Amino acid sequence: MYDVTATGELLIDFTRNGLSKQNNRVYEANPGGAPCNVLAMLGKLGYKTAFIGKVGEDEFGKLLKNTISEQKIDSTGLVMDPDAKTTLAFVDNDETGDRSFSFYRKPGADMMLREDEVNYELIDNCRIFHFGSLSMTDEPVRSATYAMVDYAKKKNKIISFDPNLRPPLWESEDLAAKQIWYGIEQCDILKIADNEIEWLTGTNDYDKGIEIIRQRTHAKLINVTLGPNGSIAYYGDLKVFMEPYLNKDTIETTGAGDTFGACALHAVLKHGLDNMTEEDLKEMLQFANAAASLITTKKGALRVMPEEKEIKELITKSWHVNCSIYK
């Protein structure tokens, strides 16, 4: 039995890592991709996970398969494609650690997963099925994703969705919005960033944005990440805000949202989705914010997720972080 099965992009993040002696940029090949970042963090918390996706049958694809296996993510659902190259992303950071992306994905192997290649047993045997929007940018993976979501719903699995908006990967903003709304309409748990709410709903008032989103979703738990400004959980009539754990050692933000999302799934796996309390939501945001803060101090994400002990130590040290609960 798997706690979480995820589908989506698995790729190499070439992360800027200083200059060479010749004053040329140096990039480090970090295994990445939002869904497997989520699974890697869940693995650190003791959960059993599985991944469904596709990489190229090339050196990068082999590296990725070996990496997720090292992280104890079941790779039996990973297809190796001899005819497509593994997707690559080059990541640059500004002085605050925020990122810009350049993708090599026309096409990338992750886009080429077909419905008939999906290992549905990995969905049969999971508690939560997690996906993001990047598995819906193109065919045939879009149809494969729809099929997986439909199957998970028929099997009464909890559905988790993260828009993870990356505008350069979409043919148009209209197509991106259409597919992201599809994900929102299907999910029980939604993790969405502040800039994604504004882009999708046209308002930077999070409460109004969530009202608009709730008109089109049955999601019971909606988590909003605010970057360096903390996070908000919306659950029934409850709204809980948690301040961030700002870290002076932050070097980049790759994987912070994925780490947060994994910790939110940890709370659902621990408490269930139907009867979460104020204290459950506070504990969830506190733990998720602390974990997200720790990942920003490291290059890459998938291989360097924080240990549970580290997260709890940061929470203990930062006792002054405030939480606000609204009804």
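These notebook entries record what I looked up in a predicted model.

**Entry 1. Conventions.** I worked on a predicted model, in which local features need pLDDT of at least 70, side-chain atom pairs count only at pLDDT 80 or more, and totals for chains, interfaces and linings use all residues. Residues are numbered from 1 along each chain as its sequence is written, and side-chain values use heavy atoms, with hydrogens and water left out. Helices (H or I, at least four residues) and strands (E, at least two) are DSSP runs numbered from the N terminus.

**Entry 2. Helices α1 and α8.** I looked up how helix α1 (residues 34-44) packs on helix α8 (residues 256-271): the angle is about 50° and the axes are 8 Å apart. Axes are lines fitted to C-alpha atoms, for helices over the stretch in contact, and angles run from 0 to 180 degrees between N-to-C directions. α1 and α8 are therefore oblique to each other; angles under 35 degrees count as roughly parallel, over 145 as roughly antiparallel, 65 to 115 as roughly perpendicular and the rest as oblique. The crossing of α1 and α8 is right-handed, that is, the near helix is turned clockwise from the far one by less than a right angle. For contact (heavy atoms within 4.5 Å), I listed A34, N37, V38, M41 and L42 in α1 against D258, T259, A262, C263, L265, H266 and L269 in α8. By class, this contact has 8 nonpolar, 3 polar and 1 charged residues. Ala, Val, Leu, Ile, Met, Phe, Trp, Tyr, Cys and Pro count as nonpolar, Asp, Glu, Lys and Arg as charged, and the others, Gly among them, as polar.

**Entry 3. Helices α8 and α9.** I found α8 packed against helix α9 (residues 278-295) at about 150°, with their axes 8 Å apart. That makes α8 roughly antiparallel to α9. This crossing, too, is right-handed. The residues of the contact of α8 with α9 divide into 12 nonpolar, 4 polar and 3 charged.

**Entry 4. Aromatic pairs.** I noted 8 aromatic pairs in the structure. Rings of Phe, Tyr and Trp (its six-membered ring) pair if their centres lie within 6.5 Å; planes under 30 degrees apart count as stacked, over 60 as edge-to-face and the rest as tilted. F129 and F131 form a stacked pair, 6.2 Å centre to centre with 20° between the planes. F129 is buried at 0% relative accessibility, and F131 is buried at 0%; buried means under 20% relative accessible area, exposed over 50% and partly exposed in between (1.4 Å probe, protein chains only). The rings of Y146 and Y182 have centres 4.4 Å apart and planes at 40°, so this pair is tilted. Y146 is partly exposed at 25%, whereas Y182 is buried at 13%.

**Entry 5. The cluster at F14.** I recorded a cluster in which ring pairs link F14, Y27, F60, F90 and Y104. F14 lies in strand β2 (residues 11-19) and is buried at 12% relative accessibility. F14 and F90 are 76 residues apart in sequence, yet 4.6 Å apart in space, C-alpha to C-alpha.

**Entry 6. Backbone exceptions.** Most residues other than glycine have a negative phi, and most peptide bonds are trans. I found a cis bond joining K106 and P107, with omega about -5°, and another from E139 to P140, with omega near 10°. N156 has a positive phi of about 60° and is exposed at 68% relative accessibility. N164 has phi near 45° and is buried at 12%.
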